[in-house]
Amino acid sequence: MSSPALKAGASGKVTDFNNSTYLVTFTLFWEGQVSLSVLLIHPSEGVSALWRARNQGYDRITFLGKFINGTSQVITKCHLVPNSNSELCEYLYGRGQEVFYCTKPQHMPCDALTHVSTRNQKVSYLTVKENILFQKSKVGVEMMKDFKHIHVSQCNTLKFFDLHGTGYFKKYLLMDASRHTQIQWKKHSYPFLTVQFYSVIDDGYIAREIDRILGDRNTAIVITFGQHFRPFPINMFIRRAINIRKAIERLFLRSPDTKVIIKTENVRETLNTDIERFTNFHGYIQYLIMKDIFKDLNVGVIDAWDMTIAYDANMLHPPDYVVGNQIDMFLNYIC
């Protein structure tokens, strides 16, 4: 729903009565004339095919592990599940039963793994007829994109602190020593999809990172995960979300005043994307699962899914003014 004159937009809610009829409802947040648009992305047959295909296996993505021993380097294939008869290196996070496997290189220890990257594989579990379902364009009317930009003021007292990491996905740290404030960004662990090699020396699953934080009333933790899980069976996403919830519960036992905020994933492009791997249908299922798993915890929620729909920002990495609104909501939770 949008009002171009006001540069305002909001998402609607669809109720499926399971009899070929639907109810679409909107909350009227502002006065004035509004326009409504509905996009029909996939037919029901296509959704069924995507659900079946997603849960067929883990081999749409291959992980590459770089092992370094002195001046020698070896790259071997790695996986989220054991699928090789070769000797494997097993990397286990015991509390959550999260495991990562790499083919063991000759004459090198498993501890020599330093970097990981990923590659897409030409693997599809859709039939020829099912693929035809996704060759037609989406149906509907495009919403306007000229929304008002949100200005986020820069905090000039925060200074970048170089941790001397390597690669684009290294840990980032901002500090204000005079106010005893620091902001740290760190990527989540496997699966993390990128053709660039990233260091795994200081890597950690989200649950493990939470367990390392003592917490107090001056600590805020923001958690987001989703996009990198879409090409894999849904049980892995569910297991990861449950492990994170358990870690948050442990955090609240030792420090109930710690602020925890969950950010849902953004919607992404509906066209010109790898439908079988990255369709928003996979993201929507994850969005519903995340809301259900974290619903009765004392956590804040940045509903980026809803916000990016309201902005009609169908981009994996939305524009700055969309991210600015998400940051504003985060600041509302901690200020």
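A salt bridge here is a side-chain nitrogen of Lys or Arg within 4 Å of a carboxyl oxygen of Asp or Glu. This is a predicted model, in which local features need pLDDT of at least 70 and side-chain atom pairs count only at pLDDT 80 or more, while totals for chains, interfaces and linings use all residues. Residues are numbered from 1 along each chain as its sequence is written, and side-chain values use heavy atoms, with hydrogens and water left out.

**View 1. Glutamate 265 pairs with arginine 230 in a salt bridge.** The closest N and O atoms are 2.8 Å apart. Glutamate 265 sits in the loop between strand S15 (259-263) and helix H5 (275-278), and arginine 230 in the loop between strand S14 (220-224) and helix H4 (234-254), so the pair ties together parts 35 residues apart in sequence. Helices (H or I, at least four residues) and strands (E, at least two) are DSSP runs, numbered from the N terminus. Both glutamate 265 and arginine 230 are buried (buried means under 20% relative accessible area, exposed over 50%, partly exposed in between; 1.4 Å probe, protein chains only).

**View 2. Lys171, Lys186, Asp202, Glu209 and Arg212 are joined in a salt-bridge network.** Here lysine 186 meets glutamate 209 at 2.9 Å, N to O. Lysine 186 is partly exposed at 23% relative accessible area, whereas glutamate 209 is buried at 18%. Glutamate 209 also bridges to arginine 212, with closest N and O atoms 3.0 Å apart; arginine 212 is partly exposed at 48%.

**View 3. Leucine 331 belongs to helix H8.** Do take a look at its accessibility: at 32%, leucine 331 counts as partly exposed.
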